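User: I'm new to this one and would like to learn how to read it. Can you walk me through a few features?

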Amino acid sequence: MKVSINGQEYKYKYSIRALFVFEKIAGKTFCLESTMDFFIFYYSMLLANNPDMTLSFDEFINVCDEDPEVIRQMQEYLSGYFTKQSQLTAADNNESKKK
């Protein structure tokens with residue numbers, strides 16, 4: 001996926017690298033419990049997929065305040081990702097029960 005921030009296109013996706021970045025920034029094991037956790041993870045997805053990114057976390061939060069569409073897109077992507085993962089897990093569980 002891509003998102004436009006301040007006229008620049010950034011890639012973002014759920015990845016192991018994004019989980020690592022989250023844990024390094026947050027100083028804790030990956031777990032999305034609070035609003036802050038979600039915003040740190042959105043920022044982590046950007047950092048993980050755009051190694052040359054110079055956008056600071058404060059600048060990212062300012063963009064989110066000024067343009068809620070950025071967060072809506074990221075929330076929609078993440079929600080879709082988690083939905084797909086839960087469906088795959090449910091399908092795997094159903095297969096295991098049949099054996």
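This is a predicted model: local features need pLDDT of at least 70, side-chain atom pairs count only at pLDDT 80 or more; totals for chains, interfaces and linings use all residues.

User: Is D37 buried or exposed?

Analyst: Buried is the label for anything under 20% relative accessible area. D37 has 5% relative accessibility, so it counts as buried.

User: How do I read a strand?

Analyst: In a regular strand, side chains alternate between the two faces of the sheet.

User: What does β1 pair with?

Analyst: β1 pairs with strand β2, residues 8-11, in the antiparallel sense over four bridges. I5, for instance, has Q8 in β2 as its bridge partner. Two residues sit between the strands of this hairpin, where N6 takes a positive phi near 55 degrees.

User: And how do I describe two packed helices?

Analyst: You use the angle between their axes and the distance between the axes. For α2 and helix α3 (residues 57-66), the angle is about 110 degrees and the axes are 11 Å apart. That makes α2 roughly perpendicular to α3.

User: Which residues make that contact?

Analyst: From α2 come M36, F39, I40, Y42, Y43 and L46, and from α3 come F57, F60, I61 and C64. By class, that's ten nonpolar residues, no polar and no charged ones.

Note on methods. Residues are numbered from 1 along each chain as its sequence is written. Side-chain values use heavy atoms; hydrogens and water are left out. Two strands pair if DSSP finds at least two bridges between them. Buried means under 20% relative accessible area, exposed over 50%, partly exposed in between (1.4 Å probe, protein chains only). Axes are lines fitted to C-alpha atoms, for helices over the stretch in contact, and angles run from 0 to 180 degrees between N-to-C directions. Angles under 35 degrees count as roughly parallel, over 145 as roughly antiparallel, 65 to 115 as roughly perpendicular and the rest as oblique. Contact means heavy atoms within 4.5 Å. Ala, Val, Leu, Ile, Met, Phe, Trp, Tyr, Cys and Pro count as nonpolar, Asp, Glu, Lys and Arg as charged, and the others, Gly among them, as polar.
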